[in-house]
Amino acid sequence: MKRITCIFLVFCLCLSLAGCGSSEEETGEDVQGPAKVSEEELDQQAFQKAGEYLKTMTLLEKIGQMFLVDADKLVKGEEAVTTVSPELVEAVEKGKIGGIVFNKRNVQTADQIKALIQDVKQSVSASTELSIPLYIGTQEEGGGRNSIAAATDTITSTGYVSPAEMGKNMTEGQLENTGEVIAGELTDLGFNLNFAPSADLAEEEVPVDRQAVSDCAVSAIGEGPEYPNLNRKKLSKKKKKKMLKSYQKRLQEYNAKWDAFLKLWMEDDYKSSCFGIDEEQVGEAVEAMINGMHAVGDHGICTVLKMFPGIASVARYHKLINTKVDTGLSRLRRTNLSPFSSGIHAGTDFIMVGHVALGKVDQDVPASLSETIMTELLRNEMGFNGIIITEQMDVPVITNAYTTEQAVVRAISSGADMVYDPEDLHAAISSVQQAVITGKIEEEKIDQAVLRILQNKIRRGIWTPPAVVEDSE
């Protein structure tokens, strides 16, 4: 009797299992849960949502998304922005800008910068003028000069090891883990964009025109004081001594202005931002860091790969004067551009284009204003589909040669999706609007740039667009 009962139970169990199997076949559902959506599918979904929302935007709303601005440049005065002010919020609303950046001078403590970012986000979400959340950016390479963690001991996970040291001492796995730690720290503070990593090769500096550097400084601060003429008749020794003392004081003040001007715009230690000199090793480091930064949370943090097409050999003075790299394109493809290709393969969100000219590619035109470099080389040849952003545009090498209007319109016409720190934000936005109205820039080019920006904000979890309801005819 027990045996019959056991057989009956086994038979029921088999029927139960068979029923489960047929149910799975009929419904097509995996009992382990829904299949994971691929990266390609997520990209396509974000692209579709971005495209639908783009159709509802005004021209000014679209143009505003194309600007990223340092917070300090949105308010008057010399003081660093450390708390939210009505002036800051008003400037963001008026420009309808795509994002703001906080640098080391904006960071006092971890709690302070976290509260500042939270207040900014809340102000934007409560605004009737803004509907798309901001990129909130900073520059955190993990250590060295370009580390916000170096500004305070309350940010403890990063700020100690420079990329140059990482490149010498870390494996790919350790680099990826470091990228994850950096991104984790930043996202916890509220940032969603990081100006890192660098794909530059740490090449030796090449000589630059020192007279051009001197002329640049003079154009900014004026000529130095003239030495007094002490040989005039009827000048007493006391008068001569007083004149000489006055001259020395003015000269000291002038030299202080000179030093401050150069310090403001010179890149003193750029090579510490570079992983090394070997293109293969640098490419591996770049890919590992991007993978790590993208692995945090559900969406990761936006990475800004810099500084295309490679500026290390002229970095010290490249913001001050026209600097040129005379390497031929064939060699550039094999060496300097190789790490950027690795970053593109890793899926970097942005690539920042610098103000260096490639002498044998586009003579004397900064890469940030060159269609040959941004569109033909980076976009078409290298296949970068992400966001192309310029280096800061309020630097002497640009402002001494171009008006705000000229620089911004040329950058966007040449292929830039976003402009970082125009000299005059209001003039920049107005000039792009006028260029579209007059046909100098096709609105389709604006749409393509904004579509990339919106798609990226969706993919990185910065923005969830509202459902778009089409008007019925």
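Q: Which residue just after α7 takes a positive phi?
A: Gly190 does, at about 115°. Keep in mind that this is a predicted model: local features need pLDDT of at least 70, side-chain atom pairs count only at pLDDT 80 or more, and totals for chains, interfaces and linings use all residues. Residues are numbered from 1 along each chain as its sequence is written, and side-chain values use heavy atoms, with hydrogens and water left out.

Q: How many residues does α7 have?
A: Helix α7 has 18, residues 172–189. Helices are DSSP runs of H or I with at least four residues, strands are runs of E with at least two, and both are numbered from the N terminus.

Q: Which residues of α7 are buried?
A: Among them are Leu175, Ile182, Leu186 and Leu189. Buried means under 20% relative accessible area (1.4 Å probe, protein chains only).

Q: Where do they sit around the axis of α7?
A: The buried residues fall within an arc of 160°, so they line one face of the helix. That arc is taken from the directions from the helix axis to the C-beta atoms.

Q: What covers them?
A: The cover includes α5, β3, α6, β4 and α10.

Q: New topic. Is Asn194 buried or exposed?
A: Asn194 is buried, with a relative accessible area of 0%. Asn194 lies in strand β4.

Q: What does Asn194 touch?
A: Leaving out residues up to four places away in sequence, its contacts include Ile182, Leu186, Met293 and Cys302. Contact means heavy atoms within 4.5 Å.

Methods
Expected span 1.5 Å × (residues − 1). Buried < 20%, exposed > 50% of the residue type's maximum accessible area, 1.4 Å probe, protein only.
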